[in-house]
Amino acid sequence: MNDLSISGQFPDIATFHNAINRIMAIRAIAKQFGRELYCHRNTAHAQVTHNLSMHQAISSLEQNKRRAFMQWLTKHGPFWEDVRKHSPDDYMEHKGEIVTDTAVGEAAHCCHSSIQRSLVSLTPSEWEFSPVTVDWTTSDSILRLDVANFWVKEELETALENAPAEIYTWEDLARVSKVRFTNIIFSDESNDCFQFLQGYPFAPSAANQILNLLKILNDIKICFNEHGERNQEGHRLYREYFTGDKAWFSGSSDTEKRKFEHELKFPHPKINNEYLTCFWHGKVKTPQLRIHFSWPVCANEPLYVVYVGPKITKK
């Protein structure tokens, strides 16, 4: 939910109550399609009209509606700040206004990271347009990102009906990954890299994160210039996802390399009777899953994904 679309603009209580009814209807539609409408806890303290806060404005709502709305904003969520991806240091603007630390900035960052996010705005407001364009200033350049924005429930429902099918099984994940990420060579056939997920309880959030990790690998594989050197976008991906304490990808520690050297040796996807030792891995935290792949990623050598499954290097 676009928190910037609540800024004291409602002319009266009745108009705001109508807006609440629409946003709760949109939330219900999202749930029908297996999606969630994320909010921010601070929204519960927003200014609604010129002289009324959120708590004051909802006091005259029918009790059940008031309870459902406030429990969403204060207790149940989900809250995007709990799964926040963008940093307070990221400089993001929309039409010259800073949108860092807002749902607009978060949605833009997620879209750039191949995490599917759209905005839902309250109406009436100044946010009845789509897409919402965000300029993200980095050390190297300015990235222009477009985020889909909805304020009419029928339009959101149509968009969800036309959206790609959800992934419901590990088999779906394997099939979609092999079709979508054409810059990666996956171990297949008798050594299918996804076989290690069989028998493991399917987790939609983990499947989505695996797709996010594979998207980064797929992208960085083609981020080289004519000399085989990593280009500007490749450097950005490397800094953002392969370095730092919270990196999505990392290599095994020296201790893990010694202790699990045999376990981290996988059949070569293309050469019989040869093996690849793959210490580098992408990480899913909950549950603990890993993607092991060949390293380093080079311009003139294939990128192999040889394992997708439970963490191997458990103590």
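Which ring does the charged end of K95 sit over? It is the ring of F129, and the charged end of K95 is 4.8 Å from the centre of that ring. Keep in mind while browsing these close-ups that this is a predicted model.

**View 1. K95 turns up in a hairpin turn and over a ring.** Here β1 and β2 make a hairpin, with two residues between the strands. K95 belongs to the turn and has a positive phi of about 50 degrees. The charged end of K95 sits over the ring of F129.

**View 2. Strand β1 and its two partners.** In a regular strand, side chains alternate between the two faces of the sheet. Strand β1 covers residues 91-94, and its covered face carries M92 and H94, while Y91 and E93 are on the uncovered one. On one side of the pairing story is strand β4 (residues 132-137), which runs antiparallel to β1 and is joined to it by three bridges. Y91 has T137 as its bridge partner in β4. Strand β2 (residues 97-98) also pairs with β1 in the antiparallel sense, this time over two bridges. There, E93 stands opposite I98.

**View 3. T43, a buried loop residue.** T43 is found in the loop between α1 (13-32) and α2 (54-58). Is T43 buried or exposed? With a relative accessible area of 5%, T43 is buried, since the cut-off is under 20%. A polar atom of the T43 side chain lies 2.9 Å from the backbone oxygen of H40. Leaving out residues up to four places away in sequence, T43 touches M1, D3, I6, M54 and L73.

**View 4. F196 and Y307, a tilted pair.** The model has 15 aromatic pairs. In this one, the ring centres of F196 and Y307 are 4.5 Å apart and the planes stand at 40 degrees, so the pair is tilted. F196 is in the loop between β7 (185-186) and α7 (204-220), and Y307 is in strand β13 (residues 304-310), so the pair ties together parts that are 111 residues apart in sequence. F196 is partly exposed at 34% relative accessibility, whereas Y307 is buried, with a relative accessible area of 6%.

**View 5. W280 and W295, a stacked pair.** These two rings have centres 4.1 Å apart and planes at 15 degrees, so they count as stacked. W280 comes from the loop between β10 (275-277) and β11 (281-284), and W295 from the loop between β12 (289-293) and β13, 15 residues apart. W280 is buried at 18% relative accessible area; W295, at 30% relative accessibility, is partly exposed. Both belong to one aromatic cluster, together with Y238, F242, F249 and F293.

**View 6. Inside the largest nonpolar core.** Nonpolar side chains tend to be buried together in soluble globular proteins. The largest nonpolar core here has 39 residues, and L214, F249 and V305 touch the most other members. At least two residues of this core come from each of α6 (170-180), α7, α8 (232-242), β12 and β13. The most come from α7, which gives nine. Zoom in on L214 and you'll find contacts that include F181, I184, F194, I291 and V305. Another core lies apart from this one, with 28 residues, among them A19, I23, A57 and M70.

Notes
Residues are numbered from 1 along each chain as its sequence is written. This is a predicted model: local features need pLDDT of at least 70, side-chain atom pairs count only at pLDDT 80 or more; totals for chains, interfaces and linings use all residues. Side-chain values use heavy atoms; hydrogens and water are left out. Helices (H or I, at least four residues) and strands (E, at least two) are DSSP runs, numbered from the N terminus. Buried means under 20% relative accessible area, exposed over 50%, partly exposed in between (1.4 Å probe, protein chains only). A polar contact is a pair of N or O atoms within 3.5 Å; within protein, one must be able to donate a hydrogen and the other to accept it, and residues adjacent in sequence count only if both atoms are side-chain atoms. Contact means heavy atoms within 4.5 Å. Rings of Phe, Tyr and Trp (its six-membered ring) pair if their centres lie within 6.5 Å; planes under 30 degrees apart count as stacked, over 60 as edge-to-face and the rest as tilted. A charge sits over a ring if NZ of Lys or CZ of Arg is within 6 Å of the ring centre and within 35 degrees of the ring normal. Two strands pair if DSSP finds at least two bridges between them. A nonpolar core is a set of buried Ala, Val, Leu, Ile, Met, Phe, Trp, Tyr and Cys residues joined through side-chain atoms within 4.5 Å.
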